[in-house]
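These are my notebook entries on a structure that I looked up. I record each point in the order in which I examined it.

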Amino acid sequence: MSKFLLLTQREIQERLGQKGFWYMLVLGPLVVLLLLVALLLAADQGKQELNVLIADPGQIMDHRLMAQEEKNIHYFFLDDYLELDEFERAKSYHDFDILVELNEKVLNNKKCFVFYKDQLGLDARMELKFQIEKRLEELIAAQHSDISEQAFRQIKQGIIFDFRDLKDPKNESKEANAWAGFIFGSFILFFVGLYGMTIFRATIREKSNRIVEVLLASVRPQQLMLSKIVGIGLVALLQLLGWGIVLSLGYVLLRETIFVDILDPSHWGEGGPERLNPLSILVFEQLNLPVLGLHFVMFFAASFLFYGALFAVLGARSTADADGQQYLLPLIFLISFGVFTGIFSVYFPNTTLTQFFAYLPFSSPVLAMIALAKGFNVVSYTQILLSLLVLLISAFLLLKLAGRSYKNTILKF
Amino acid sequence: MINVAQVSKSYQRKLVLDDVSLEVPKGQIFGLLGPNGAGKTTLIRILNQMASPDSGKVYFNGHTIQKEDLQDIGYLPEERGLYKYMAVRAHLLFLAQLRGLSKLKAIENVDYWLQHFEIKDWQNKRIASLSKGMAQKVQFIAAIVHQPKLLILDEPLSGFDPLNVDLIINEIKALKAQGTTIILSTHNMKSVDEICDQAALLHHGQILAQDTVQHLRSKHAKGQIFVRFRGNMLGFANALWTDFTLLEQQEVLPGCFECVLQIRGQRSVNDLMRNLQDQVQVEHLELLLPSMQEVFIDLITQKENQHV
């Protein structure tokens, strides 16, 4: 076995031999899961009193909905299209909260837009979907087949409801998604910081108990540093994998029990869909979790190499834990800076500074997660990959520089 | 075996090694002596390739020393370190493999040395639970487990009780007998007297002296003679005449005396023997050589006086 692998293996074995690792592996994600459930349940806004205006230029719905209407949602019809500006500003539409836009071919293209003035609770979303979809199904079944409405529901394709904020009708900010991405990105930096500290402490320990002198009689300092970063990084990845498995199991469990897939009409009872809140929708319906998970790992690995080199150098420069704390401060600032750039980009997604932060190695993991959570096209995905490449190149350059500094300082006691 | 040729090294503009040259012959025990801060550790780190010289070269078996040669070098640093939470055997296996042994060979060698040092029962204990002496043994094994051709020992006897000092000294002698070249850096001059074939004295980054231990001691002999005789003390004193000064005298048995004399002028041991021939019955006569401790102090004092 090569010396590098031997050193890496020892690092891994040492961490896996610690009880703390296993506690963190199981308890960590469970705590996150519990917090998530609490958050999802707390986000339920209850029933909202709403006035809905259905713009139906083709008069498809014939001013009619299904018999069982929710008393807190009131529907009104308009036989024409309505400009969004007018709906938002005109006094005559002041009392309306929601505009449903049914295009004339909705029975064929099965897509309609729902614009809302204030954030909608999921109750309202589901009720709205339920009412409109049922009515449209009734019409489709009547127009195109002799089968019963019930039989039709078994074979039909669902209507796509595109809910949009009136203040952001093109859905450019996707603020909720962005915040979810921000949380993923912050988790990257959190784990990098957590395990970076492990590199820092392990380096100081080797230095203070002088084993480093024995090791350096067999391996190069750069080899020692890199094996520490890679070994501890792999342990961190293992921990993340464990988190991923526990969280995935929790995700499946929650989806099968508390937060069933309510957007799937096959889960709807006669009385319409179950209640669910927007946060649950975001978590269970809008985020592409596998894609986010994959990129999380990629960006974590690259940023761990980047920050790991810095932690190792600081460890090599320090002579004791206490001495090292002062060196750590700038590094903690850098990690915090990465988090703050994430907040900045959520609020100001289209500024030049945000573009710059997207490629800056200190902040790119967070911004990439935000971009991925908001959804991406070929162009934006290329930018994400480019930022990953910049991060990797920076990490390798930094590792080279750090190796030199590590070599010069590790034997200074 | 090792040839250090005009090696200089500075740290932050401070000259730590100044044009150091020395030669360590194969199969010998070479004492690297010097007060604290003389540059011994820097020289040892250069030999171990942890540091590179600013100028000069180090040759190992005739060629410029290379990374690959580290497999043939064993090193026991002065400041000992082990991973406290590793088990003894696992730790030794790890270090043996780092030194280039295959896993099988590492297992074979580690088990042999654990048995040899009678610490087999401790093989699964964590280093943290060992006594200092026990940990020292583990570190000593770590330095020799890969059967190095060159063994560098920096203060190998510090921290050991007298019993274990003997054990380590015997091991060092045994390794020499097997053909291992040993560089011994130590302040323990008794061990230098006892086991070193050659020695070099490093002071302020310069080599003050390098020779066989015997030559170094002879060169610094102060002309003192030990004599044990039977007879009359008065007759003995008269026989010394003005050629020798009586420094110490002791009657060890009735009519049996042991004395230390100082030679005066150009007189020799032969002159003393001639003077005593008809006066007393000489049982033992020996030219007293200084210990390495005295040689060490002598050389340093001479150098300091030159500076003054």
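I began with the buried residues of H14 of chain A, which are A:Ser364, A:Pro365, A:Val366, A:Leu367, A:Ala368, A:Met369, A:Ile370, A:Ala371, A:Leu372, A:Ala373 and A:Lys374. I took a residue as buried if 20 or more other C-beta atoms lie within 10 Å of its own, with C-beta atoms placed from the backbone. Helix H14 (residues 364-374) of chain A is thus mostly covered, with 11 of its 11 residues buried. Helices here are DSSP runs of H or I with at least four residues, strands are runs of E with at least two, and both are numbered from the N terminus. Just after H14(A), I noted that A:Gly375 has a positive phi of about 100 degrees.

I must record that this is a predicted model, in which local features need pLDDT of at least 70 and side-chain atom pairs count only at pLDDT 80 or more, while totals for chains, interfaces and linings use all residues. Residues are numbered from 1 along each chain as its sequence is written, and chains are lettered from A and ligands numbered from 1 in the order in which they are written.

Next I looked at chain A as a whole. It has 15 helices and five strands, and 38% of its 413 residues count as buried. Of the contacts in chain A with a separation of 6 or more, 79% are between residues 24 or more positions apart. A contact requires C-beta atoms, placed from the backbone, within 7 Å.

I then turned to a helix pair. Helix H9 (residues 221-256) and helix H15 (residues 378-409) of chain A pack at about 120 degrees, with their axes 8 Å apart. That angle makes H9(A) oblique to H15(A), because angles under 35 degrees count as roughly parallel, over 145 as roughly antiparallel, 65 to 115 as roughly perpendicular and the rest as oblique. From H9(A), the contact uses A:Pro221, A:Gln222, A:Met225 and A:Leu226; from H15(A), A:Leu399, A:Ala402, A:Gly403, A:Tyr406 and A:Lys407.

Lastly I examined chain B. Which helix of chain B gives the most to the side that touches chain A? In the interface, 18 residues of chain B are in contact with 16 residues of chain A. Helix H2 (residues 88-98) of chain B gives the most to that side, with four residues. Chain B is divided into domain 1 (2-213) and domain 2 (222-288), with bounds from an automatic or database domain assignment. The centres of these two domains, taken over C-alpha atoms, are 45 Å apart.

Notes
Axes are lines fitted to C-alpha atoms, for helices over the stretch in contact, and angles run from 0 to 180 degrees between N-to-C directions. Two residues are in contact if their C-beta atoms, placed from the backbone, lie within 7 Å. A residue is buried if 20 or more other C-beta atoms lie within 10 Å of its own, exposed if 12 or fewer, and partly exposed in between; C-beta atoms are placed from the backbone.
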